[in-house]
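I opened this model with my notebook beside me.

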Amino acid sequence: MTMYGYVRVSTKEQNEDRQMIAMREAGVLEENIFIDKQSGKDFNRPNYQKCIEKITKGDILVFKSIDRLGRNYEEILEQWRIITKEKGIQVVVLDMPLLDTRRKSEQDLIGTFIADIVLQLLSFVAQNERNNIRQRQKEGIKAAKLRGVKFGRPKAALPEGFENACQKWARKELSLRKAAASCGMPVSTFNYKAKAYLLEKCK
């Protein structure tokens, strides 16, 4: 029986130190810890796949918290089924003692049964909360737009003298090339922005 650990952070910039400390304190050897630095939206993670391939029946797989396994309700439940039922691996979630399937004998199924129920409940609550967050974000964006808040990149400031050059070009006092050169802009950029400016002025 070997103890393995799985650590995941969502981006390369995030630090996995807290999870690594928890793994060492749980007794997981450093060489048996698999680390992924990517989103938990699915299970197409190279080191997670390596971990699942390596562990065998009777081994123990440790997570700091259930969201390190993943973030999708249905997929978490499916992976839990594969790990515990198909592969016969015991799972320990350090932040949630009820999610500990270790048992003294194959006849003692109460721990696994409770863990399965708790996992389903936690996964449902987590998924529901993510859905609520997305809904609140949509509602917040909609409300902000109604208040006149603009989203996206702020428009780049036009160079000094642009309006004057634009008006002279419109009155044919300057050629397109000279108008663009007078405010230090490429011809194509000046042409595009000048037309937009004049169109706005005509509204």
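I looked for disulfides (pairs of cysteine sulfur atoms within 2.5 Å) and found zero in the structure. C166 is in no disulfide, and the nearest cysteine sulfur, that of C183, lies 8.3 Å away. I then checked accessibility, where buried means under 20% relative accessible area, exposed over 50%, and partly exposed in between, with a 1.4 Å probe and protein chains only. C166 is buried at a relative accessible area of 0%, and C51 is buried with a value of 0%.

A note on the source: this is a predicted model, where local features need pLDDT of at least 70 and side-chain atom pairs count only at pLDDT 80 or more, while totals for chains, interfaces and linings use all residues. Residues are numbered from 1 along each chain as its sequence is written, and side-chain values use heavy atoms, leaving out hydrogens and water.

Next I turned to the strands and helices, which are DSSP runs numbered from the N terminus (helices H or I, at least four residues; strands E, at least two). Strands β1 (residues 3-9) and β2 (residues 33-37) run parallel, joined by five bridges; strands pair if DSSP finds at least two bridges between them. I noted K37 in β2 as the bridge partner of V9.

Which residues of α1 are buried? I found Q19, M20, A22 and M23. Seen down the axis of α1, the buried residues fall within an arc of 160°, so they line one face of the helix; the arc is taken from the directions from the helix axis to the C-beta atoms. On the face turned away from the buried side of α1, I saw exposed R18 and E25. After α1 comes G27, with a positive phi near 95°.
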